[in-house]
Amino acid sequence: MESVAEKTKAKTKPAVGIEVFIFLAIFVGIFLYLGKAMGAVNMLNTMMNTGYQLLIDTVLYILAIAVLAGAISGLFTEFGVVALINKILSPLMKPLYALPGASIIGVLATYLSDNPAILTLAKQTEFKRYFKKYQFPALTNIGTAFGMGLVITTFMIGIKNPAGGTFIIPALIGNLGAVIGSIVSVRIMLFFTAKTFGKEESCVQSDIEHQMGGNEREIRSGSLGNRILGAILDGGKSGVDMGLAIIPGVVVICTLVMMLTNGPSASGEYTGAAYEGIALLPALGDKLRFILEPLFGFTSSKGVAVPITALGAAGAAIGLVPKMVQDGIAVGNDIAVFTAMCMCWSGYLSTHVAMMDSLKCKELTGKAIFSHTIGGLCAGVSAHWICQIIATIF
């Protein structure tokens, strides 16, 4: 058996080996591919402008949400709301997700804001103590599955169909599909984490944890006012820490995803502006439409672009939908599938890396992404077949 020293010893490789040349070939190849399509100057300008816009428009927005969500979650944990919800919903969450009932707080936080909002809870010991160690990394999956849920649902309902009606029912079906996708994603992730950590070790091991009974919780010292202020400020500070922690992942990963997802400017030319790209991911989706259309029932192959774009950013994905509805290439079934997949995936390729890093589970990032890929596909397929069943009945 390996000793602790052997496990923590840094891995080494030859200073110059085959890995160096493989990496350089891939690295240079990516930039040559992008540069050939966009032009070297435009490619660099787009990369820098996109990174800047993501920092200003996305990261700071998420940071503000995280501070507010952290303050609210701090109050919830300090005054026993998390404990209450854990007790009430454990009978539901455990059979569905194999997670403690407290995880429903993370679902609500991300549904009302965005994926990383769950991390503000994850930093609080009072919240973490409900989890086993193997359950904790799955917060990334369940949080992402409901990220921007309220925004996406409201947006879809607000779109007018050609007859002047709304898509309330399809949007609600999409929410149900996202729930199914989230269950699949979390269950697959727990399979991997259980193999890594086992199922017995608690997430929090501290003196106070051993002293407290199952019906006790830790609180701050001081008066009621001090407890309120302390919970708000400490919770808000955890939101700041989370917002800073996600900057590298959002700026770097999302910039690359955007450049592979979006196309040139409205004029059809590359100008070096933010969010331009080579539209590689939608093109690949078009090649796979013979598989994707039967699964999701898209009215047009162009519908594939919405979930593929949602891999990088759900906000960008839903922005494609109104024109599709206007052009008659997206109907109720499409809206249900779009809602389910945009909500379940909600830009997970651009947030999973940072979220897993923040949870100190970087080594499980690949498994989290794999699990959530399957979950998002199941969300879309579920929404499609729920629509088919309802259409058959009614």
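Let's start with two helices, α19 (residues 332–345) and α21 (residues 365–393), which pack at an angle of about 155 degrees with their axes 8 Å apart. Axes here are lines fitted to C-alpha atoms over the stretch in contact, and angles run from 0 to 180 degrees between N-to-C directions. Helices are DSSP runs of H or I with at least four residues, numbered from the N terminus. So α19 is roughly antiparallel to α21, a label for angles over 145 degrees.

Who does the touching, if contact means heavy atoms within 4.5 Å? On α19 the residues include Asn 333, Ala 336 and Trp 345, while α21 brings, among others, His 372, Gly 376 and Gln 388. By class, this contact has 10 nonpolar, 8 polar and no charged residues.

This is a predicted model, where local features need pLDDT of at least 70 and side-chain atom pairs count only at 80 or more, while totals for chains, interfaces and linings use all residues. Residues are numbered from 1 along each chain as its sequence is written, and side-chain values use heavy atoms, leaving out hydrogens and water.

Now for the largest pocket, lined by 25 residues, with Thr 58, Asp 114, Met 148, Ala 313 and Gly 315 nearest its centre. (A pocket is an open set of points on a 1 Å grid over the protein atoms alone where a 1.4 Å probe fits, with protein on both sides within 12 Å along at least five of seven lines; lining residues have an atom within 4 Å of a point.) Helix α3 gives the largest share of the lining, 6 residues.

Key. Angles under 35 degrees count as roughly parallel, over 145 as roughly antiparallel, 65 to 115 as roughly perpendicular and the rest as oblique. Contact means heavy atoms within 4.5 Å. Ala, Val, Leu, Ile, Met, Phe, Trp, Tyr, Cys and Pro count as nonpolar, Asp, Glu, Lys and Arg as charged, and the others, Gly among them, as polar.
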